Amino acid sequence: MTLNRLGSLHQCRLSFMRQLTRRMAKEQWQFSRPHFNVNSQGVGYAVYTASYPGGKASLVAFAHELPDELRSDRVIAEQWDTTFALFNGVPSVADIERLQQNVPLQEAGRISESELTLSRANRSVRLWNHVVDALASGQQPEAEALHDVGYLMRTTAVYGSGKFGAADREQLNHNLEQSDVFKAPFAVEMLTVYLIRTFVRDLVNHAAQCKGGDNAIQLDASLARELGIGNSTGLGMAPFLINHPVLVNNWIVAREEAISRVRSLEHIDATDRQCVFDLLERMQLLTDRWQSNHPVQQTKLIALKNDLNKAQSYLSKASMDTTFFWNELFNWCEENLSTEGQECIASLMLEPYGELVDGLSHCMDDPISHTLRIDGTQTVQAVTSLLETSFGWAKDVDWASDEANARCWYVSEEKLEPRLGERHEEPLEEYEQPLAPARDAITALTDLNRWDDSKRIAEFLVAHPEHRRAVQRAQWHRIAPYGEIRDNTIDAAMLPIDLLRAKLSFFGATRFDPRSDRWVRICLYPGAPYPEELNANNADHWIYPNV
Amino acid sequence: MNTSINEVAALARKAARGAGYSWSMADEAAFATAWLCRNGLNGAVLLAEHLNLTHEHGIQESKLQSLELPWRGGPVGLCALSAGATLSDLAQCEHQQSETLNQIITPELLLPFLAYVSQRAQKKLNDDSLCIKTLIVCERFEAHIHCMNGVAGLNKFSATSATTAASSGKRSQFCDLNYQYQFTSHTPQKVREVSVSHRINIPANELESLNRFAANTYAPATEASRQGAGAGNTDND
């Protein structure tokens with residue numbers, strides 16, 4: 001897929017947040033709040049426990065007092081309004097005390113194999129005070145203000161997979177052999193954010209109660225439901241798509257297979273069409289609420305709104321007698337809509353067909369790439385052919401040009417976070433991270449062309465061990481044909497936000513709001529039922545706001 | 001420091017790169033370190049020792065020169081990561097029952113690659129009732145890798161007296177290593193599950209050593225890089 005296409009993806013039935021809420025409802029997960037010890041200054045801790053078939057996991061949430069001047073959106077911050085860990089099981093008092101010593105420090109602390117994630121969130125300055133003040137004085141906050149921002153708090157990182165001492169994903173699956181509850185990609189991260197959202201709602205009600213006393217009221221349930229959790233995502237997430245080609249392939253394949261299955265339906269009934277029609281209208285409302293100051297996204301948004309209107313018109317006029325109705329729609333979209341519009345309609349098309357597509361969610365993890373190693377018995381010719389299949393397009397790039405080599409991915413000494421620099425303006429090359437697979441493939445091809453085609457690739461790799469990555473990626477292509485981004489990830493015109501958008505869309509994020517070419521704000525779980533409301537009837541289409 | 005396996009693998013990758021390996025070979029260092037840790041050996045300690053040695057002499061000085069037998073590295077020995085990666089590349093080839101590799105630096109780092117070779121060999125045999133045992137002997141240790149049902153694990157590891165001399169600095173920096181394969185049939189009841197570790201303690205010295213190498217991969221911060229990372233300091237909403 002190209003970066004433009006990846007940067008236009010939309011959430012769908014297979015998105016990880018929606019997988020989780022459907023599962024929680026279907027399995028009737030139980031939720032409790034065994035502790036809520038937050039004082040009138042808003043400082044303290046709370047524990048939220050989710051009980052699923054076969055186990056429990058608990059969000060341990062800490063609320064802090066943070067002076068306004070220290071509240072920063074950026075990953076280099078050192079203090080936050082709230083900090084969190086997801087605990088595997090139910091934490092003891094000793095566990096909570098241990099976490100209290102470490103979780104507020106985030107990267108500077110250590111968590112243990114009992115923890116699954118580590119994260120933090122800051123208040124929305126715009127909305128938090130407005131909501132607290134309104135509730136404290138006995139009034140509900142303005143719905144429009146809630147819609148404009150979309151969240152009361154915004155996370156700046158949700159770390160999992162063994163980071164800062166947390167349990168490895170492999171350990172989790174090993175320990176939970178009786179349950180595949182956390183097998184889906186980012187399942188623990190999605191559960192963390194779902195529980196954070198509940199805590200934030202409770203915390204704002206608590207703050208209003210402390211401020212207003214008897215005058216205070218609780219945030220109206222329907223207003224609360226429209227609030228999600230904001231997320232600011234920067235370059236730290238961008239390398240993920242490049243570093244996990246097999247996993248990303250599985251995500252794309254699942255989505256493409258789902259679309260293909262729906263396009264293959266010869267006959268559809270009126271309720272299916274009505275379902276898409278209704279959700280399209282709700283998507284229009286979501287798009288109206290979607291604001292961005294970034295010129296690229298503004299242009300895409302205008303096109304998307306226009307596309308949704310066109311699609312609405314198409315759907316209302318299209319004859320139900322048309323065979324392969326969705327396929328016709330899909331083809332029409334390709335000819336008439338922007339990339340954003342095409343991806344959005346493709347997602348909507350899947351909505352009536354849970355039974356047909358939801359099973360694909362079981363194919364979206366990657367249980368095998370860690371077991372795959374280079375097959376050195378392949379010939380130079382065979383590997384050359386595989387590289388050309390994956391990266392043949394990159395032969396047309398002028399790799400000697402400054403533009404094609406303009407960028408350099410590196411990790412900063414200051415925060416140990418991935419960053420993107422200008423290769424020709426800063427002395428960064430010796431620190432370059434291996435995040436330009438297309439360039440590296442072309443370099444490998446150049447060296448391979450000097451070798452006898454019949455030689456084993458193992459022999460080539462003894463002479464050129466630096467090409468092992470390129471060879472491995474070429475061989476992965478046999479099992480992961482969608483794993484490689486068909487664009488230059490170090491080009492002068494490359495937009496990292498496209499990489500971020502792709503990953504976040506699979507999370508189920510909406511309202512993408514790029515703050516620069518390498519930094520995007522999103523909203524997670526807006527519209528989702530809270531734990532006490534969750535049931536089979538509201539577990540799925542909550543992502544589309546009610547008209 | 002008590003770390004997860006993912007954490008130690010990430011550190012190993014950065015440290016190997018920082019010591020002078022290519023990112024490709026750094027991946028092999030991460031693979032080997034993680035496998036050793038999962039199998040109860042302290043891969044972080046072994047990698048730190050290896051990087052200190054190979055970095056001192058220059059990474060290129062110990063890499064495998066060619067596939068021609070016997071395999072050779074350089075005057076300081078043959079890098080276990082370089083030899084191991086190539087062993088693994090050739091896992092699908094026919095193997096001799098017994099092989100000797102000469103002058104291997106930090107031979108423990110070969111074990112993960114030998115384990116992979118036995119996994120491929122078993123897959124090729126297409127007979128789950130066969131257990132492949134790899135017996136590895138060198139001056140520093142004796143180890144058994146058992147591969148059953150497609151999974152290879154470290155079944156036995158005993159350090160020899162040479163290893164205990166390490167603290168006094170007498171341990172040689174490389175040694176010859178012999179490995180041989182044995183095929184035995186097993187019944188499912190006799191399969192001993194190889195335990196898997198999910199955590200590793202990295203002693204302070206080795207942690208410092210790995211962090212020092214890893215730091216070579218970090219670019220010093222500049223004002224331009226800070227500005228480039230995000231939207232600015234006042235991005236609250």
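## Helix α2 against helix α7 in chain A

In this predicted model, the axes of helix α2 (residues 16–26) of chain A and helix α7 (residues 187–212) of chain A come within 9 Å and cross at roughly 75°. Axes here are lines fitted to C-alpha atoms, for helices over the stretch in contact, with angles from 0 to 180 degrees between N-to-C directions. That angle makes α2(A) roughly perpendicular to α7(A) (65 to 115 degrees; under 35 is roughly parallel, over 145 roughly antiparallel, and the rest oblique). Helices (H or I, at least four residues) and strands (E, at least two) are DSSP runs, numbered from the N terminus.

Who touches whom? On the α2(A) side it's Phe16(A), Met17(A), Leu20(A), Thr21(A) and Met24(A), and on the α7(A) side Ala187(A), Met190(A), Leu191(A) and Tyr194(A), with contact meaning heavy atoms within 4.5 Å. Sorted by class, that's 8 nonpolar residues, 1 polar and no charged ones (Ala, Val, Leu, Ile, Met, Phe, Trp, Tyr, Cys and Pro count as nonpolar, Asp, Glu, Lys and Arg as charged, and the others, Gly among them, as polar).

The rest of the structure largely encloses α2(A), since 9 of its 11 residues are buried (under 20% relative accessible area; exposed is over 50% and partly exposed in between, with a 1.4 Å probe and protein chains only). Just after the helix, Gln28(A) takes a positive phi of about 55°.

## Asp202(A) in α7

Further along, α7 of chain A also holds Asp202(A). Is this residue buried or exposed? Its relative accessibility is 13%, so Asp202(A) counts as buried. Setting aside neighbours within four places in sequence, Asp202(A) is in contact with Arg33(A), Phe36(A) and Tyr48(A).

The geometry checks out: at 1.5 Å a residue, the 12 residues of α20 (residues 496–507) should span 16 Å, and the end C-alpha atoms are 17 Å apart, which agrees. The expected span is 1.5 Å times one less than the number of residues. Gly508(A) follows the helix with a positive phi near 110°.

Ala492(A) sits in the loop between α19 (468–476) and α20 of chain A. With 35% relative accessibility, Ala492(A) counts as partly exposed. Not counting residues up to four places away in sequence, Ala492(A) touches Glu403(A), Ala406(A) and Arg407(A).

## A helix pair in chain B

Over in chain B, the axes of α3 (residues 43–57) and α7 (residues 204–215) come within 9 Å and cross at roughly 50°. The two are therefore oblique to each other.

Residues in the contact include Leu47(B) and Leu51(B) in α3(B), and Leu210(B) and Phe213(B) in α7(B). By class there are 7 nonpolar, 3 polar and 2 charged residues.

## Ground rules

Residues are numbered from 1 along each chain as its sequence is written, and chains are lettered from A and ligands numbered from 1 in the order in which they are written. Local features need pLDDT of at least 70, side-chain atom pairs count only at pLDDT 80 or more, totals for chains, interfaces and linings use all residues, and side-chain values use heavy atoms, with hydrogens and water left out.
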